[in-house]
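Please walk me through this structure.

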Amino acid sequence: MHDSSAPAAAPSRPVASPSAVRLAHYTRALAVGCLLVLIALGLAWELWLAPLRPGGSWWALKVLPLTLPLPGLLRQRMYTYRWLSLLVWLYFTEGVVRATSEAGLSATLAWAQVALCLGLFTASALHVRLRLHHARRLGADATPD
């Protein structure tokens with residue numbers, strides 16, 4: 001016989017596998033790391049290592065847009081990962097142009113920028129993909145933010 005005073009069993013919901021959570025944390029750390037190094041590289045390049053003009057250049061201000069997504073990445077905002085994966089292509093393009101048109105240290109720094117941009121794009125795209133897959137798997141009605 002059924003006892004109506006017994007508490008109802010909580011519905012079971014799928015939980016994220018530890019490996020999926022670990023991979024999402026890894027992609028987040030990689031994206032944040034690439035972004036921070038890209039900012040540092042841009043500043044060092046234009047102020048000290050190989051500036052366009054001796055003594056530094058105002059071109060160092062190009063890193064300011066890269067500081068905008070940092071809070072969103074740290075808060076794991078999906079929207080930030082999405083638009084950052086588009087913004088990074090501007091820096092990728094600059095890196096390719098400068099790597100193929102300049103010589104010496106400047107060309108080396110440009111190739112480093114290209115590599116960081118590819119790492120940032122890959123980490124951002126994978127992070128979004130993992131989280132969307134996880135949300136679908138859990139049966140969420142809306143995409144996570």
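This is a predicted model: local features need pLDDT of at least 70, side-chain atom pairs count only at pLDDT 80 or more; totals for chains, interfaces and linings use all residues.

Now step back to the whole chain. It holds five helices and zero strands. Read from the N terminus, the order is α-α-α-α-α. The chain has 145 residues, and 37% of them are buried. Take the contacts with a separation of 6 or more: 68% of them join residues 24 or more positions apart. The accessible surface comes to about 9100 Å². Carbon and sulfur atoms account for 68% of that surface.

Next, the interior. In soluble globular proteins, nonpolar side chains tend to be buried together. The largest nonpolar core here has 28 residues. Leu35, Leu38, Leu66, Leu73 and Leu120 touch the most other members. Helices α1, α3 (70-74), α4 (78-101) and α5 (105-138) each supply at least two residues of this core. Which residues does leucine 35 contact, leaving aside its neighbours within four places in sequence? They are Leu66, Pro69, Leu70, Leu73 and Leu120.

A search of the whole structure finds five salt bridges. Glu46, Lys62, Glu94, Arg98 and Glu102 are linked in a network of such bridges. Side chains of opposite charge can pair when their charged atoms come close. Start with glutamate 46 and lysine 62. Their closest N and O atoms are 3.3 Å apart. Glutamate 46 sits in helix α1 and lysine 62 in the loop between α1 and α2 (64-67), so this pair ties together parts 16 residues apart in sequence. Both glutamate 46 and lysine 62 are buried.

Lysine 62 also forms a salt bridge with glutamate 94, with 2.9 Å between the closest N and O atoms. Glutamate 94 belongs to helix α4 and lysine 62 to the loop between α1 and α2, so the bridge ties together parts 32 residues apart in sequence. Glutamate 94 is buried, like lysine 62.

Glutamate 94 has another partner, arginine 98, at 3.2 Å from N to O. Both residues lie in helix α4, four residues apart, about one turn of the helix. An α-helix has 3.6 residues a turn, so residues three or four places apart point the same way. Arginine 98 is buried, and so is glutamate 94.

Stay on helix α4 for valine 96. Is this residue buried, exposed or in between? Valine 96 is partly exposed, because its relative accessible area is 27%. Its C-alpha atom is separated by 7.0 Å from that of tryptophan 111, which is 15 residues away along the chain.

Finish on the outside. Leu43, Leu47, Trp48, Leu49 and Leu105 form a nonpolar patch on the surface. Together they have about 480 Å² of accessible area. Helix α1 (residues 18-49) gives the most to this patch, with four residues. Leucine 43 lies in that helix, α1. With a relative accessible area of 30%, leucine 43 counts as partly exposed.

Definitions and conventions. Residues are numbered from 1 along each chain as its sequence is written. Side-chain values use heavy atoms; hydrogens and water are left out. Patches are made of residues with over 30% relative accessible area and no salt bridge: like charges are joined within 9 Å, nonpolar side chains (Val, Leu, Ile, Met, Phe, Trp, Tyr) within 5 Å. Accessible areas come from the Shrake-Rupley method with a 1.4 Å probe; for residues, only the protein chains shown count as cover. A salt bridge is a side-chain nitrogen of Lys or Arg within 4 Å of a carboxyl oxygen of Asp or Glu. Buried means under 20% relative accessible area, exposed over 50%, partly exposed in between (1.4 Å probe, protein chains only). A nonpolar core is a set of buried Ala, Val, Leu, Ile, Met, Phe, Trp, Tyr and Cys residues joined through side-chain atoms within 4.5 Å. Contact means heavy atoms within 4.5 Å.
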